[in-house]
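Take a moment with the fold before reading on. Then follow the chain from its overall form down to single residues.

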Amino acid sequence: SWPLAEREPMHYQPLEVLQRIRAKHPLPDEAVPLASRPAAAIDMLGGSDHARVAVGLILLGHGAADECHALVTPLSWDEATHFGGVAKPGSAAAAEASY
């Protein structure tokens, strides 16, 4: 079980690419609906940066470290990244996104 189970290496890809990767390397069944529509889950929680971190943590708990990383990196990193997109400097959730 996580975190002791063997996991595939991080892919460092945007969410759209990760969805294609997951077709070959699926996540646990309970994580699939959330991983396939993270923006909807974030919106359901109010759309804030804190909601983004919350969704990322749920995904992380289900073995979706790449998806979590793509969601939280823009909140905690001052530059755009290939996998996370445009940075959001000054995010209210920067501290939470950094853990």
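This is a predicted model: local features need pLDDT of at least 70, side-chain atom pairs count only at pLDDT 80 or more; totals for chains, interfaces and linings use all residues.

The protein chain has 6 helices and 0 strands. Read along the sequence, the pattern is α-α-α-α-α-α. The radius of gyration is 13 Å, close to the 13 Å that the globule rule gives for 99 residues, so the chain is as compact as a globular protein of that length. Along the principal axes, the C-alpha atoms fill a box of roughly 35 × 25 × 25 Å.

How much of the chain is buried? Of the 99 residues, 36% count as buried. The accessible surface comes to about 6,200 Å². Carbon and sulfur atoms account for 59% of that surface. Take the contacts between residues at least 6 apart in sequence: 47% of them join residues at least 24 apart. As for charge, the chain carries 7 positive and 12 negative charges.

Now turn to helix α5, residues 65–76. At 1.5 Å a residue, its 12 residues should span 16 Å. The end C-alpha atoms are 16 Å apart, which agrees. Is α5 largely enclosed or largely open? Of its 12 residues, 9 are buried, so the helix is largely enclosed by the rest of the structure. The buried residues are Asp-66, Glu-67, Cys-68, Ala-70, Leu-71, Val-72, Thr-73, Pro-74 and Leu-75. Which helices cover them? The cover includes α1 (15–24), α3 (38–44), α4 (49–61) and α6 (94–97).

Glu-67 lies in α5. Its relative accessible area is 3%, and a residue counts as buried under 20%, so Glu-67 is buried. Leaving aside neighbours within four places in sequence, Glu-67 is in contact with Leu-15, Leu-18, Arg-22, Leu-27 and Leu-59. Leu-59 is one of the buried residues of α4.

Helix α4 is next. α4 has 13 residues. From first C-alpha to last, α4 reaches 19 Å, close to the 18 Å expected at 1.5 Å a residue. Which of its residues are buried? They are Asp-49, Ala-51, Val-53, Val-55, Gly-56 and Leu-59. These buried residues pack against α2, α3, α5 and α6.

Leu-34 is found in helix α2, residues 32–36. At 18% relative accessibility, Leu-34 counts as buried, because the limit is 20%. Leaving aside neighbours within four places in sequence, Leu-34 is in contact with Ala-41, Val-55, Ile-58 and Leu-59. Val-55 and Leu-59 are among the buried residues of α4. Ile-58 is 24 residues from Leu-34 along the chain. The C-alpha atoms of Leu-34 and Ile-58 are separated by 8.7 Å.

Tyr-12 lies in the segment before α1. Its phi is near 55°, a positive value in a residue other than glycine. Is Tyr-12 buried or partly exposed? At 43% relative accessibility, Tyr-12 counts as partly exposed.

Note on methods
Residues are numbered from 1 along each chain as its sequence is written. Side-chain values use heavy atoms; hydrogens and water are left out. Helices (H or I, at least four residues) and strands (E, at least two) are DSSP runs, numbered from the N terminus. The radius of gyration is taken over C-alpha atoms; the globule rule is 2.2 Å times the number of residues to the power 0.38. Buried means under 20% relative accessible area, exposed over 50%, partly exposed in between (1.4 Å probe, protein chains only). Contact means heavy atoms within 4.5 Å. Accessible areas come from the Shrake-Rupley method with a 1.4 Å probe; for residues, only the protein chains shown count as cover. Lys and Arg count as positive and Asp and Glu as negative; His and the chain ends are not counted. The place of a charge is taken as NZ of Lys, CZ of Arg, CG of Asp or CD of Glu. The expected span of a helix is 1.5 Å times one less than its number of residues.
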